[in-house]
Amino acid sequence: MSEARFCPSIAGIESVDFRPYMIESAYDYYMVSTTSPHQRMGIQTVMCALSIEIILKSFNATVTSNQGKLNETYEFNKKNVLPKKSNAHNLIVLYEALPENIQCYLFDNSDLKVLITNKDLFTQSRYAYEQGANSIHNDELIKLAACLICKMVFLYRELGCKDPFVELFDIENLYFSRVQSFLWCSVP
């Protein structure tokens, strides 16, 4: 029996600017939210929305210091890629700022529905005690964050990124434990 592998098609994507520390930061927010012994789905979804925001911004960020180092820093190019007066936390606005080939790689129709439903989650629910904050949550956004992290690491690897976080990341472990669980059944 062969081992299951996470292997999305990167057809049509020839290159991207690597922003590995942004992807690692997105992963850190995801992991803190999902592995804390104090589980609060409202907080988990807000942190996963932030994780997704970081991933989307990584495609329109420039290196500001420590180029090529593990602690490389970046700046999101809001003025160059977003419409004037748009909310830089709105996940749909950030999605629309991506090249079409990246949009298609990262999101299928069901993922896009999750993104649309949660487009303002970070700004509207980060203060859970406010009257307008979401009071109903589900795990769709949490799974989407994990899936996007896996897709980003896979894409970076396929395009030759040599960052240690990218090279050592266990895509299959995250994907098959948090996004697409399955059972193996052996037939006698």
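**Loops, rings and charges**

Modeller: K85 is found in the loop between α3 (78-81) and α4 (91-96). Helices (H or I, at least four residues) and strands (E, at least two) are DSSP runs, numbered from the N terminus. This is a predicted model: local features need pLDDT of at least 70, side-chain atom pairs count only at pLDDT 80 or more, and totals for chains, interfaces and linings use all residues. Residues are numbered from 1 along each chain as its sequence is written, and side-chain values use heavy atoms, with hydrogens and water left out.

Biologist: Does K85 count as buried or exposed?

Modeller: Buried means under 20% relative accessible area, exposed over 50%, partly exposed in between (1.4 Å probe, protein chains only). K85 has 88% relative accessibility, so it counts as exposed.

Biologist: What is the phi of K85?

Modeller: K85 is not a glycine.

Biologist: Where is N66 found, and what is its relative accessible area?

Modeller: N66 is a residue other than glycine with a positive phi, near 55°. N66 is found in the loop between β1 (61-65) and β2 (73-76). It is partly exposed, with a relative accessible area of 28%.

Biologist: How many aromatic pairs does a search of the whole structure find?

Modeller: Rings of Phe, Tyr and Trp (its six-membered ring) pair if their centres lie within 6.5 Å; planes under 30 degrees apart count as stacked, over 60 as edge-to-face and the rest as tilted. The search of the whole structure finds eight.

Biologist: How many residues apart are F6 and F154?

Modeller: F6 and F154 form an edge-to-face pair, 6.1 Å centre to centre with 90° between the planes. F6 is in the segment before α1 (20-35) and F154 in helix α8 (residues 140-158). Both are buried. The pair links distant parts of the chain, 148 residues apart.

Biologist: Why is the pair of Y175 and F176 edge-to-face?

Modeller: Y175 is buried, at 15% relative accessible area. F6, F154, Y175 and F176 form one aromatic cluster. The ring centres of Y175 and F176 are 5.2 Å apart and their planes lie at 85°, so the pair is edge-to-face.

Biologist: How far apart in space are C7 and L155?

Modeller: C7 is found in the segment before α1. At 60% relative accessibility, C7 is exposed. C7 and L155 are 148 residues apart in sequence. C-alpha to C-alpha, they are apart in space by 9.5 Å.

Biologist: Over the face of which residue does K57 lie?

Modeller: A charge sits over a ring if NZ of Lys or CZ of Arg is within 6 Å of the ring centre and within 35 degrees of the ring normal. K57 lies 5.1 Å from the ring centre, over the face of F76.
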